[in-house]
Each structure stands twice: as C-alpha cells, then as structure tokens.
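This report describes how a protein chain is divided and what lies between its parts.

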Amino acid sequence: MKVLCYSLKPFERPEMMRANNNQHELIFTEQSLSLTTAALAKGCKAVCIFTNDDASGQVLEALHELGIVYIATRSAGYNHIALSVAKKLQMRVANVPSYSPNAVAEHAVALLMALNRRLVESQLLMQMQDFRLDALVGFNIHGKTVGVIGTGQIGFAFAKIMHGFGTRLLGFDPQPHPQASSIGLAYVSLEELLRQSDIISIHCPLNEHTQYMIDEAQFAIMKQGAYLINTARGGIIRTSALIKHLASGKLGGACLDVYEREHGLFFHDHRHAILQDEAFIRLRSFPNVLITGHQAFLTVEALRNIAQTTIDNLNAWEQQGRSLNDLYD
Ligand code: NAI
C-alpha cells in the first residue's frame, strides 16, 4: 500500500527501507503531520507518524476525507492520537508497544548518573584545563530509595538496573508487575513513594489520569534534595511547579528527556532562532537540570525494532485488516 511517513528523520530511513523490502510504497517526509500538511497524504491509504505529530480529531477527519484508513505510529506512546475520533471514523491505529524498553530505561540511568556525577561540567572543566574537583561532588546511588511511577516494560527495566545498583525500590502502578518481588520492589501509594524516595523516575503513559500527576502538592511532599527523572511524557509534570521547586532548592536535580511543550521544539534545528518559551529557557538555566530532546529511545536496536514492527503492522492490515498492535478492536 501507499504510505506517507511523516516526521521521518534521515537516521530512520535505512532501517525503514530494510524492513519494508519494497513491499509498500513508502514516501518519506521530515514534515510533521498537522492540519496543513495532512493534504500531503492524498492518494495514500496509510500514514506513519511519530510522537510530536498532531493526530488530533480535526487532523484525523482531514486524513479520513482523503481516504486514509490506517495510522501507524512509530512510538510506544499514543497520547498524540485522538483514538476516540479514529475509532468513530473506523480508522485502524497501531503503535510499536515494546521496541526497546531497555533503550529508554538505560537513558534514564545515563541522565541520572551524568547529572549526579556532574559529567557535563566535568567535561567542560577538562577542556578548559581546570582540574579542580570542588564543583563535582555527587552521591552514591547504592543504598538510596528509588521510586518508580509506572512499572510496565520501561519502568520495570529501569527498576531492574536500579536493583543492580543496590537500591531500595518502591513502585506505584495500578497494575503491579508480576515479577516485582524478584527485585524487592514494593508497591506503595503515590504519596508514600514521593515522601520516601531519594530518586523518582516516571514511566507511566500520559493520559487524562496522569496529566499533571506531579504538581504543586506532589512536589511539596517530596524529600528535600530528591532527584526527579522524566523520560515518559512532559505533560505528566506541571512545569511551573517543577521550576518553583528547583528555584527554592527543594529538588536536588531533574533529569528530563521530555518537556510539556516540546512539540515544535524538540526534533528541530532552532540554532538561529530566539526561543520564546520562557519556562524552557528557565529550566535550561538550572545547573542541576539535565535535558535531552526526546532521545531516550534512540539506539540502533530500537530503530530496527520500530521499523520492523511498523512494517509488520502495515502487512497485517493489508493481509488481515487488523494488526496485533491495534489500539482498539
Ligand atoms: P507500558 O504500557 O509497558 O507501561 C506503562 C505502565 O504505566 C503500566 O504498567 C501501567 O499500568 C502504568 N500506569 C498507567 N497509568 C498509571 C498511573 N496513573 N500511575 C502509575 N502507573 C500507571 O509502557 P512502556 O513501554 O513502559 O512505556 C511507558 C511510557 O514511556 C510510554 O507511554 C511513553 O509515553 C514513554 N516513552 C518514552 C520514550 C522516550 O523516548 N522518551 C520512548 C518510549 C516510551
């Protein structure tokens, strides 16, 4: 079938071409899906999108008018897709549920270690031939209490790594992981997790229940000096509250791979632009905040799995009208 792949970066192309093996007519564009770019999909039966594409109700209706039947997102998260509208329009929607939980979990650990052990400053000082250690004091992860919010595939992979570090593990998830006890992960309420954890890592999806799950009241009960890691979705944290508690010194550090208003910012070259998002500029200004631009997924293994599962989804739709990864029946 003919498929327009939106937001497709050059680094994704080789794996997409390999997985496709000339089965579908794939058209690649770096443009993201929006109401204005929906028309590019004219003549296609499917579109393939990524996390910061706009698949809101209005855009889905525009795609439906053009004859698009299938939406394949190359992501695990699907908060960018208006599923209820897609269902009403009888479009099939599939994601890539588990392309590499370890890629994201390992990035969360990399952020934690880099911030805690001051690796970015250390490298800058090294380049300047300033070999003093005064600004580089970190803390041991061993012996700390780590709270994992959302212990699904990524959260559990993160918890397993933290278990290896010798930490005490707390979890909050409405659906406990069946192997939690094997790594000593104890489930507690969100409040208890926030009160007791030295390090808190977020791995739940963004939806109507989790938006601003970490807000003013949640920051207020965290331990003095707690570290917060978010590789899930920016909207789970209220950015203004995060900034307030960084500015007051309550939070010891924040490791962020996602940002509430990252749409249009991350994945693009803004080198010559004057950024207008004051909250983002403020966040970036804290010495105890480390931000990456939604790159936690970015490993060769993950890119390969994303491409393969996306093509498998397209094949299943073409052959059976349904795919194993359809987000509704
Ligand atoms: P998953 O579905 O395996 O696990 C999510 C877990 O969150 C489940 O166990 C679920 O029960 C739990 N959960 C749901 N609502 C909750 C709530 N209110 N409080 C606490 N836990 C709750 O999903 P997976 O693969 O682990 O991915 C998690 C999220 O990570 C995705 O939804 C996506 O937003 C994000 N992600 C980020 C990437 C990045 O590059 N930064 C890449 C891939 C995923």
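The protein chain is split into two domains: domain 1 covers 2-99 + 300-320, and domain 2 covers 101-291. The model is predicted. Taken over C-alpha atoms, the centres of domain 1 and domain 2 lie 30 Å apart.

**Between the domains**

Eleven residues of domain 1 and ten residues of domain 2 take part in the contact. The size of an interface is often given as the accessible area lost when the parts come together. For domain 1 and domain 2 the buried area is about 920 Å², and 52% of it is on carbon and sulfur atoms. On the side of domain 1, the residues that lose the most area to domain 2 are Lys 9, Asn 52 and Asn 79, which together make up 52% of what that side buries.

Which polar links join the domains? Four residue pairs are in polar contact between domain 1 and domain 2, both residues being at pLDDT 80 or more, while the count of salt bridges between the two domains is zero. The side of domain 1 that touches domain 2 consists of four nonpolar, five polar and two charged residues.

**Cysteines**

How many disulfides does the structure hold? The count is zero.

| Cysteine | Closest cysteine sulfur | Sulfur distance |
|---|---|---|
| Cys 5 | Cys 48 | 4.2 Å |
| Cys 255 | Cys 204 | 17 Å |

A disulfide needs sulfur atoms within 2.5 Å.

Conventions:
Residues are numbered from 1 along each chain as its sequence is written. This is a predicted model: local features need pLDDT of at least 70, side-chain atom pairs count only at pLDDT 80 or more; totals for chains, interfaces and linings use all residues. Side-chain values use heavy atoms; hydrogens and water are left out. Domain bounds come from an automatic or database domain assignment. Contact means heavy atoms within 4.5 Å. Buried area is the accessible area (1.4 Å probe) that two parts lose on being put together, summed over both. A salt bridge is a side-chain nitrogen of Lys or Arg within 4 Å of a carboxyl oxygen of Asp or Glu. A polar contact is a pair of N or O atoms within 3.5 Å; within protein, one must be able to donate a hydrogen and the other to accept it, and residues adjacent in sequence count only if both atoms are side-chain atoms. Ala, Val, Leu, Ile, Met, Phe, Trp, Tyr, Cys and Pro count as nonpolar, Asp, Glu, Lys and Arg as charged, and the others, Gly among them, as polar.
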